[in-house]
Each structure stands twice: as structure tokens, then as C-alpha cells.
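Me: I would like a close look at a single part of this structure, with its surroundings described in one connected answer.

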Amino acid sequence: MRYYIVIPTYNEEQFIALTLQSLAEQTVVPTKVVVVNDSSTDSTPEIVSDFAEKHPWISLVNKTSDAIHLPGSKVIQAFQKGLESIDEDYDLIVKVDADLIFPANYFETIIRHFESDAAIGMVGGFCYIEKNGKWILENLTDKDHIRGALKAYRKATFQQIGGLRPQMGWDTVDELLCKFYHWKIVTDESLHVKHLKPTGANYNKTARFKQGEAFYTLGYGFSITAIASLKLSLRKGKPFLFLDYLIGFWKAKLANKPLLVTAEQAQFIRKYRLQKMKNKLFS
């Protein structure tokens with residue numbers, strides 16, 4: 001299967017070479033890798049250009065945008081810019097971050113999953129972070145969720161869910177829409193990817209409010225948002241984030257922010273989330 005990778009980047013000179021080298025060492029090399037340089041002020045574009053000279057399947061695209069990092073919007077707008085530069089002669093489209101080191105068999109294994117079942121729409125491994133000299137699971141989500149750092153989509157799935165939304169919550173709504181359209185999602189615990197920069201390291205209070213806004217725009221409603229907020233804040237080991245998330249939710253609700261999904265999809269999402277919570281309580 002032919003797979004294309006799009007990598008949004010902003011000031012990633014410390015890590016981008018490691019990511020690209022791990023892609024060059026894959027047992028099944030990507031057909032195309034597009035690195036989108038989004039207004040970097042460091043040597044990121046020069047590093048990517050050096051790799052592109054050695055590997056013709058790597059290309060650099062430059063984008064100009066606000067340097068402020070808001071989760072979701074900036075990274076997905078950069079991803080969209082990368083999409084505009086590629087053709088549609090691919091079987092799988094992959095969005096990855098610029099601070100990852102993939103094991104050599106990562107994409108060979110991902111492809112094997114997709115080939116095993118035509119109903120599989122998304123596949124991903126797991127992110128590991130270094131702590132006290134050991135690589136441990138970055139345990140921020142359930143094991144059936146694919147982290148936004150490494151999303152691989154079947155072409156038909158990607159098109160049916162309408163691509164990725166340039167807003168925080170994009171890496172949840174994509175999976176919920178997969179389920180809405182009856183696609184399967186596969187996570188492979190054998191695939192350990194080194195995540196060199198912990199998630200949310202650069203987030204400020206505005207970004208934390210955005211998480212609550214994301215829960216609102218996913219159509220969760222207050223009860224599900226409260227439970228999800230508590231769970232996420234505890235997983236991050238920062239209980240006070242719970243209040244920031246709820247404030248973000250109410251701000252979005254009072255502003256009547258548009259949802260990322262249709263009314264029918266929001267109803268499906270609420271029903272799915274409630275059922276999942278019940279299953280955990282009584283399992």
C-alpha cells in the first residue's frame with residue numbers, strides 16, 4: 001500500500017532530523033513525506049532541505065501563520081497546506097508530529113493491519129516518553145484511542161469523515177466519525193513510538209480553555225464533559241485543570257460556538273460516550 005505522510009512543523013530543529021531518519025529507515029519506506037514549515041524561526045527548513053536532497057520522496061512546503069500555538073488549529077491548518085501539495089495516488093494518508101522516533105517496522109505493521117480487513121479505517125501505535133532514563137507509556141488516553149501525533153487513515157475513510165477539523169478536538173472527532181460511519185479503529189500495543197516532547201508542554205491557560213471548548217463542539221453536553229474533564233485532569237496529574245476545562249465549555253456554550261459535527265452525529269456521540277462509560281462502570 002502506498003502511504004503519504006504530512007508533518008506539520010514549527011521550530012523543530014531539535015527533533016525533526018530524528019523523525020525523518022526514522023522514516024528513512026522504515027522497512028517499507030513512505031512514497032511521499034511532506035514537511036510543512038509553519039513560520040519556523042530556527043533551522044528547521046534547512047534540516048528538512050538537507051534530508052530532501054538525499055531522499056527525493058521528502059519535500060518541504062513553507063507556510064506563514066501566527067506564531068501563537070493553539071492546539072488543533074495551527075497544526076491542522078499546516079497539515080491542510082501539506083495536503084494541497086500532494087496528489088491523490090495513495091492508499092493511506094498519515095499525519096505525524098515532528099518529534100517522534102518510529103521503530104523500523106512501524107509502517108510495515110500499520111499496512112499489514114489495513115490489508116487484513118477492508119473495514120479498518122484508522123490504525124496507530126502508542127507514544128512513549130522518557131522518564132528517569134526509561135521509556136514509559138504516555139498514558140493520557142484510553143488504549144483504543146490513536147494519539148493525534150501519529151494518525152494513519154485509509155483514503156476512503158479520510159474522505160468520508162471530511163478530513164481533519166482545524167480545531168482542538170480534531171483527533172477525537174475523527175475517531176467518533178469513523179464509528180458513526182462504521183469504520184474500525186485499530187491500536188497496536190506492540191508499536192512503541194518515542195515521543196520526544198511531552199504533549200501539552202507549550203500549552204497556556206487559553207489553550208487549556210480550548211480543551212473544554214473542544215468537548216462542547218464535539219456535542220458532549222455538560223454531564224459527559226464534566227466526567228471527561230475530571231478523567232483527563234487526573235490522568236495529567238493536574239486536578240485544577242478540571243476547572244479550566246469546565247470554564248472553556250461554558251464559554252463556548254454561552255458564545256454559541258458551532259459544533260464540529262451535525263446534530264445527528266452529536267446524538268450518536270453522546271450515546272456512544274455514555275455507553276462506554278457504563279461499560280467501564282459495570283465491567
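In which helix is Trp 250 found?

Reply: The model is a predicted one. Trp 250 lies in helix α9, which covers residues 241-254. The length of this helix can be checked: at 1.5 Å a residue, the 14 residues of α9 should span 20 Å, and the C-alpha atoms at its ends are 20 Å apart, in agreement with that expectation.

Together with Phe 222 and Leu 254, Trp 250 makes a nonpolar surface patch of about 340 Å². Other positions of α9 are buried, namely Leu 241, Asp 244, Tyr 245, Leu 246, Gly 248, Phe 249 and Ala 252. Just after the helix, Asn 256 adopts a positive phi of about 55°.

One is Thr 109, a residue of helix α4 (residues 106-116). Thr 109 has a relative accessible area of 7% and is therefore buried. Residues up to four places away in sequence aside, Thr 109 touches Asp 188 and Leu 191.

The other is the largest nonpolar core, which has 71 residues; Ile 7, Leu 20 and Ile 93 touch the most other members. Beyond its neighbours within four places in sequence, Ile 7 is in contact with several residues, among them Ile 16, Leu 20, Leu 23, Val 34, Val 36, Val 96 and Ala 98. The contacts of Ile 7 also include Thr 19 and Asp 97.

Note on methods: Residues are numbered from 1 along each chain as its sequence is written. This is a predicted model: local features need pLDDT of at least 70, side-chain atom pairs count only at pLDDT 80 or more; totals for chains, interfaces and linings use all residues. Side-chain values use heavy atoms; hydrogens and water are left out. Patches are made of residues with over 30% relative accessible area and no salt bridge: like charges are joined within 9 Å, nonpolar side chains (Val, Leu, Ile, Met, Phe, Trp, Tyr) within 5 Å. Accessible areas come from the Shrake-Rupley method with a 1.4 Å probe; for residues, only the protein chains shown count as cover. A salt bridge is a side-chain nitrogen of Lys or Arg within 4 Å of a carboxyl oxygen of Asp or Glu. Helices (H or I, at least four residues) and strands (E, at least two) are DSSP runs, numbered from the N terminus. The expected span of a helix is 1.5 Å times one less than its number of residues. Buried means under 20% relative accessible area, exposed over 50%, partly exposed in between (1.4 Å probe, protein chains only). A nonpolar core is a set of buried Ala, Val, Leu, Ile, Met, Phe, Trp, Tyr and Cys residues joined through side-chain atoms within 4.5 Å. Contact means heavy atoms within 4.5 Å.
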